[in-house]
Amino acid sequence: MAAGLLLPDSLLLTPDGSTLVAEIETYLASLPAPARLTVPYVCPLGSTVQRWNAGLPVPRPTLLDRLANRPARPVEVSVADHLRLSSRYLAEVGWVQGAMWDSAGRVCLLGAQAAVLAHGYGTAYTVRRARVQVMEVLHATGRPVSSPDVFNDLPATRQSDVHQLLDRASARALSLGI
């Protein structure tokens, strides 16, 4: 004799509908909406969101580097590219004043330049030349500060000011061919 499964009436499925389906739909409707991503994977114009170092090769250690247990050689970038990368890095991780970086990972102008260097793009010489270009732009625009870091930490400075400064310094470096 086959044992039949006894189900309550609310779980019986019938061709004309079921109270179980209605209960599930009611339950699902009561759940909060899923959180939206703050950054879409694809923007409405059709281009994809890119990382700060998009378009440049990732520094990869050679066999000799691995045998010598040393980091990969840095990717050669121009001063203009270094300044552009610093601005893109700031845009991706966030900007902070009064510290080189904070616990959330945000960085200041100097922190962005150091991070670009630490990720293997350019050399210390490139960073020094880039900071000279930033200082030239600061003085040319009537902001005589002692260093880019002082400008970064001024109470009136905003993140957009730092991006504009890096953009102008990059354009200056590009016009000089460096």
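**Close-up 1. Gln113 and its partner Arg131.** The side chains of Gln113 and Arg131 make a polar contact of 2.9 Å, a polar contact being a pair of N or O atoms within 3.5 Å in which, within protein, one must be able to donate a hydrogen and the other to accept it, while residues adjacent in sequence count only if both atoms are side-chain atoms. The model is predicted, so that local features need pLDDT of at least 70 and side-chain atom pairs count only at pLDDT 80 or more, whereas totals for chains, interfaces and linings use all residues. Residues are numbered from 1 along each chain as its sequence is written, and side-chain values use heavy atoms, with hydrogens and water left out. Gln113 lies in helix H4, residues 109–118, where helices (H or I, at least four residues) and strands (E, at least two) are DSSP runs numbered from the N terminus. Gln113 counts as buried because its relative accessibility is 1%; buried means under 20% relative accessible area, exposed over 50% and partly exposed in between, with a 1.4 Å probe and protein chains only. When its neighbours within four places in sequence are left aside, Gln113 is in contact (heavy atoms within 4.5 Å) with His82, Leu83, Ser86, Val127, Ala130 and Arg131.

**Close-up 2. Helix H4 and what covers it.** The buried residues of H4 are Leu109, Gly111, Ala112, Gln113, Ala115 and Val116. Their cover includes H3, H5, helix H6 (148–153) and helix H7 (159–176). Just after H4, Gly120 takes a positive phi of about 95°.

**Close-up 3. The crossing of helices H3 and H5.** Two packed helices are described by the angle between their axes and the distance between the axes. For helix H3 (residues 79–93) and helix H5 (residues 124–140), the axes come within 9 Å and cross at roughly 80°; the axes are lines fitted to C-alpha atoms, for helices over the stretch in contact, and angles run from 0 to 180 degrees between N-to-C directions. H3 and H5 are therefore roughly perpendicular to each other, on a scale in which angles under 35 degrees count as roughly parallel, over 145 as roughly antiparallel, 65 to 115 as roughly perpendicular and the rest as oblique. On the H3 side, Val79, His82 and Leu83 meet Thr126, Val127, Arg129, Ala130, Gln133 and Val134 of H5. By class, this contact of H3 with H5 has 5 nonpolar, 3 polar and 1 charged residues, where Ala, Val, Leu, Ile, Met, Phe, Trp, Tyr, Cys and Pro count as nonpolar, Asp, Glu, Lys and Arg as charged, and the others, Gly among them, as polar.

**Close-up 4. Asp149 in helix H6.** Asp149 is found in helix H6, and a polar contact of 2.8 Å joins its side chain to that of Arg131. With a relative accessible area of 21%, Asp149 is partly exposed. Apart from neighbours within four places in sequence, Asp149 is in contact with Leu110 and Arg131. Between Asp149 and Ala99, which are 50 residues apart in sequence, the C-alpha to C-alpha distance is 9.6 Å.

**Close-up 5. Asp102 in the loop between H3 and H4.** Asp102, placed in the loop between H3 and H4, counts as buried at 18% relative accessibility. Its side chain makes a polar contact of 2.5 Å with the side chain of Arg106, and a polar atom of the Asp102 side chain also lies 3.2 Å from the backbone nitrogen of Ala104.

**Close-up 6. Val77 and Asn69 in the loop between H2 and H3.** Val77 is located in the loop between helix H2 (63–67) and H3, and Asn69 has its place in the loop between H2 and H3 as well. At 12% relative accessibility Val77 counts as buried, whereas Asn69, with a relative accessible area of 72%, is exposed. Not counting residues up to four places away in sequence, Val77 touches Leu56, His82, Leu85, Tyr121, Gly122 and Thr126. Val77 and Ile178 are 101 residues apart in sequence, and their C-alpha atoms are 9.5 Å apart in space. Most residues other than glycine have a negative phi. The phi of Asn69, by contrast, is positive, near 55°.
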